[in-house]
Structures are given as C-alpha cells and as structure tokens.
Amino acid sequence: MPIVAQSSTETDWVSRFADDVIAESERRAPGKPVVVASGLSPSGPIHLGNLREVMTPHLVADEIRRRGHEVRHVISWDDYDRYRKVPAGVQGVDDSWGEHIGKPLTSVPAPAGSPHPNWAEHFKAAMVESLVELGVEFDPVSQTEQYTSGAYREQILHAMKHRARIDGILDQYRTKAKAQAKKQQKPVDEAELEAAEGSGAASEDDGSGGSAGYFPYKPYCGNCEKDLTTVTEYIDSTTELTYSCAACGFSETVRLSEFNRGKLVWKVDWPMRWAYEGVIFEPSGVDHSSPGSSFVVGGQIVREVFDGVQPIGPMYAFVGISGMAKMSSSRGGVPTPADALKIMEAPLLRWLYARRKPNQSFKIAFDQEIQRLYDEWDKLESKVAEGAALPADAAAYSRAARTAAGELPRTPRPLPYRTLASVADITAGHDEQTLRILSELDPANPLSSLDEARPRLDRAENWITTQVPADARTVVRSEPDAELLGSLDDEARESLRLLLEGLDTHWSLDGLTTLVYGVPKVMAGLEPDAKPTPELKAAQRSFFALLYRLLVSRETGPRLPTLLLAVGADRVRKLLAA
C-alpha cells in the first residue's frame, strides 16, 4: 500500500497537531527543520508509560514528514541526572548500589553482567533497540555529553547571571504549590516526585540555595562525584564558584567559564533546552499541569530568562497495564517496550498509542485481553482493505503499519493470534506439529512454512510461555478417561458418536467449528444451521464442557476446533470413543 500524506481535514488527533506544529514552526523559524522533542531518564527500566513521551511526538513528526517537511525529533537522554534511588526488581542490583546515590547516572556502574559501561547506557540500550523496531526515527542527545563538553556553557553563565530573576519566578510557584496543597489538605511529598518520574522532573530540585543565596546550578563533587553540594560563593565578573560537599566534606573553587562538571537544576535545565534546540512541539505528562510543575514554570523561565518560546504540545495521560497500578521505574517489575514487543508485533503496539488521543489514558494487556486486541486489529485491517474503515480509524491504522520511511515488517500470513496461541499452548513449540496443525486450518490453502506465520507466531508462543501460568496451560490426556466415559448416558454417547462420525468431512478450522456447534442442534432435532436459542446455548455449553473434560481434564480450554486440530483425528477418536 503506498504511503499517502494525510490531509489536514482528517479527524484524527495526529493531523490536527501536525497542522498546528507546521504553522508554529513557519512562524518561529521559517525555512528551518521542524523540531519536536522527547526526554527520557535512564534511571531504571524505561517502561511503557515513558514510551508515550516518545510516541506522541514521533507520530506527529512522521505525519509532518509525510507532507514533505524536514523534521528533527530530538530525544534528550537525561543521563546526567543524579542517581536518586535504587530501583526495585533490577537483576543483580541490591542495597549496596545506594552508595552511588547522588552521582550522575553515567558514573554509576551498570548492573552486574551488563555489557554496557555504566547504568545509563545499560537502560538506554534496551530502549534504543525497541525504538528501532518500532520505526521511530530520532536524533539522540546525551545530556552528559552536552554538559561535560561545555556545549551549554553560555547558557549556564547566563542563568547564573540572572539567578535572582529565576529565583523570583520559582518563588511565585513555590507559593502557589503550597497554597494548592493546603487547599487540598495534602502535603507536598515524594508521591509528587514519583508522578513525574521518567520525564526528568523528579530528578532535580529547583536549586534552592543556602546562606549565600539562590543558585540554579549544581556542581558534581570533584572528590566523590555526588551532587550533595552547596554553592557558597559565586563572583559574576570572574565566574569563580566555590562549593562544598555534604557527602565527603570536599570543597573547591573553580572558574565556571571553564568548569564542565555540573548541571542546571531541572526546572531551569528544561526551558534552557527548549531555547537551545528551538523546540516547537513537546508533550508532557499530566503531572506537569499542577502549580509549580516543571512545564508551567518553564514556560515563564524560557520567555523571561532565555528569550525563547515554550513548545506547544498536549498533556498526555498515563498508560497502565491491566491488573497493575500506575507504572513507576523505581518500583520495579514494570513492563518495558521490549517486553511488549516480545508478545505483540510492532504495528500493534504503535496502534495502541496512535488510536488514542494523548489526553486519554489506556491500558496495555499482557493477559487474555491481548487476543481480543489482535482480533480488533485484524478486523480493522480488513475494513481498511475494503475501504470501509472510518477516516480516523484508517489514519490510525496507517500510522501503525508504516512510517514516512516505509512499511514496518509484517507477518506474510497473519493467522488469528488466539489460534496461534492455542496451538503454541498445545504443541509447546514443537515446529513439526505446529506446522501440521496450521496447515490443516485451511486445507484448500495450506501453510507451506512456519515463516509465513512469523513473527506473529513467535509473539504468540512468547505470550504462552511468559504470561500464561503453568497451571493454566493445556495438557492433552494421554489415555481415555475410562471412568467418565463409562458414566455417560445414552444422550452423551450419541453426541460423541455424531462428532466422531463427522470428523473426516469437517477436518478444517471452519468445518470443525460447524461440527462442534452443530452436534447439539442435531441432538435437539434441529438443522445444523438453526439459529441459537437460550436452551440450545445451554446444551452447547454442556457439550463443550464434556469434550474439554475428556480431552484435557478441565472444564475449559483453547477453542474446541483448534484443540481438535491440534490433538489430531486419530487421537481424538481414541480419547472420545465411548
């Protein structure tokens, strides 16, 4: 399918933002590439909630590229942020890592066994690999490299020169935040910081100083590398800065015009970067809508201190996981994009972010709901192919399946995910048996190789092995249940006889579906294509439960037509022969 630029008349949210961003870019920086931005902190596993920080500007940037404009999507790696706490659930990391709290993330060792040189690079690597698989084109910017190379030197000196103005702006919002907290009768505590984690907002205070006054800059200690430092003196004319470290007692005087071992505090750093990069569009989390938040304060600082303009962009809602509370990197155990890509194809994951407006929260399913999600995706794909999809739905599909650079890899023959999962459950990944079953789904057009069903087949197998508990897996009986078979009445025996009699002539997925639903109809004296009634549905449920008990010793299991194909006609006859 060719890539078609979306028109501004479409109703999807991406097109509307693209219209606004193009117009704003032409107003602010005519003739220059459009700049959109994201910020990620590699302080721990970068989870699926953080991914919205990237996917929102990516989708807008990709739409702008489709229209023929040059776009730069900056992803700022906040790898020069302080190491705040030891995340839970990170393999090879224990409380001993607490000795590194206060150091830059790039100065903290990587978890044991990692091939990467430091903590930040370890967690960045997994995210970069996922972004490549998702088709996200971006320009990475390491804040460690920016600060230690002196790239921001002029901006730092400028902020220090205007520190009184910055302090005055921040003080307005400090008062507002306290008033709001008092009004809501709640303290300002660590929970507020947790809400901002992943966007960088939680990684710094606002730079409130000691007896020497306010300074928007934090040196990292020249002895212990930690940021538990206080600026005790600064001389504007010489840029001489003196600081002391509360962690190790070290103190020194440096010339800030030559010093590259420190950074602006977060609420000053973020607006500085907006001006430095010329950012037109950057979304932010809903936590930034509160009084005193980094985004709200930054809008005033970028305008009044750095002579810049705040980016346009929506507040985005949280992304959750079914059955899990709001994600937090520090709490551990949260699914990452890499985890999601093990059980779902990249277009499906892209679609989850493309189909919802940024201000709409949604959950990503790692449970049985993923099967329904794939059914919905396949149905949408059929509607798009037939030209029957609504414009907004077709646009979301297009953004998920391809980028301006081309189509994302896809499964040549996308069989239903729930069928693949059922087969993987029964065969335990045995390729020869899997190919036999999948080939029998449609005898008129049999599958010739498992590669035709990949990568979807691999994702379904991964879902079965990693997300389905062992006690919920399907185990086919090796021998008939003689006791149950011997206890059946004549009606049950006759229903089994009708099923076995029809196996050969119905041996396909569609045929077996007709057969298992049709046997109770025939038993009730109806035609096989009779419309279901409440009584008939009850009879079907009873028949299905009997088949499951005889085949897998449970009341439920994979869809019966798939299960019968997987078990094989000969074995079905052995297990059901009364």
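**Close-up views of a predicted model**

View 1. The side chains of Glu 494 and Arg 497 form a salt bridge, with 2.6 Å from N to O. The structure shown here and in the other views is a predicted model. Both residues belong to helix α18 (residues 490–502), where they sit three residues apart, about one turn of the helix. An α-helix has 3.6 residues a turn, so residues three or four places apart point the same way. Glu 494 has a relative accessible area of 29% and is partly exposed. Arg 497 is also partly exposed, at 39% relative accessibility.

View 2. Side chains of opposite charge can pair when their charged atoms come close. Here Arg 72 and Glu 277 meet through their side chains in a salt bridge of 2.8 Å, N to O. Arg 72 is part of strand β2 (residues 71–77) and Glu 277 is part of helix α8 (residues 266–277), so the pair ties together parts that are 205 residues apart in sequence. Are the two partners buried or exposed? Arg 72 counts as partly exposed, with 26% relative accessibility. Glu 277 is buried, its relative accessible area being 14%, because buried means under 20%.

View 3. Asp 79 forms a salt bridge with Lys 124, and their closest N and O atoms are 3.2 Å apart. Asp 79 lies in the loop between β2 and α3, while Lys 124 lies in helix α3, so this pair ties together parts that are 45 residues apart in sequence. Both Asp 79 and Lys 124 are buried.

**View 4. A network of salt bridges.** Which residues are linked in this network? They are Asp 12, Asp 19, Glu 63, Arg 67 and Arg 399, joined by salt bridges. For the model, the count of salt bridges comes to 42.

**View 5. Ser 130 and its contacts.** Ser 130 lies in helix α3, which covers residues 119–133. With a relative accessible area of 4%, Ser 130 is buried. What does Ser 130 touch, leaving aside residues up to four places away in sequence? Its contacts are Pro 337, Ala 338 and Leu 341.

**View 6. Helix α2 and its kink.** Helix α2 has 19 residues (residues 48–66), and at 1.5 Å a residue these should span 27 Å. Where does α2 bend? A kink of about 30° lies at Val 54, shortly before the proline Pro 57. Helix α2 is mostly covered, with 19 of its 19 residues buried. Gly 68 follows α2 and has a positive phi, near 95°.

View 7. Strands of a sheet pair through backbone hydrogen bonds, either parallel or antiparallel. In this open sheet, three strands are arranged in the order β5-β6-β7, and the pairing is antiparallel. β5 (229–235) and β7 (251–255) are the edge strands, each pairing on one side only. From one strand to the next, the twist averages 20°. How many bridges join β5 and β6? There are six bridges between β5 and strand β6 (residues 240–245), in the antiparallel sense. Thr 229 has Cys 245 in β6 as its bridge partner.

Terms used
Residues numbered from 1 in each chain as written. Predicted model: local features only at pLDDT ≥ 70, side-chain atom pairs only at ≥ 80, totals over all residues. Heavy atoms only, no water. Helix = DSSP H or I, 4+ residues; strand = E, 2+ residues; numbered from the N terminus. Expected span 1.5 Å × (residues − 1). Bend = angle between axes of the 7 residues up to and from the residue. Buried < 20%, exposed > 50% of the residue type's maximum accessible area, 1.4 Å probe, protein only. Contact = heavy atoms within 4.5 Å. Salt bridge = Lys/Arg side-chain N within 4 Å of Asp/Glu carboxyl O. Pairing = 2+ DSSP bridges. Axes fitted to C-alpha atoms, helices over the stretch in contact; angles between N-to-C directions.
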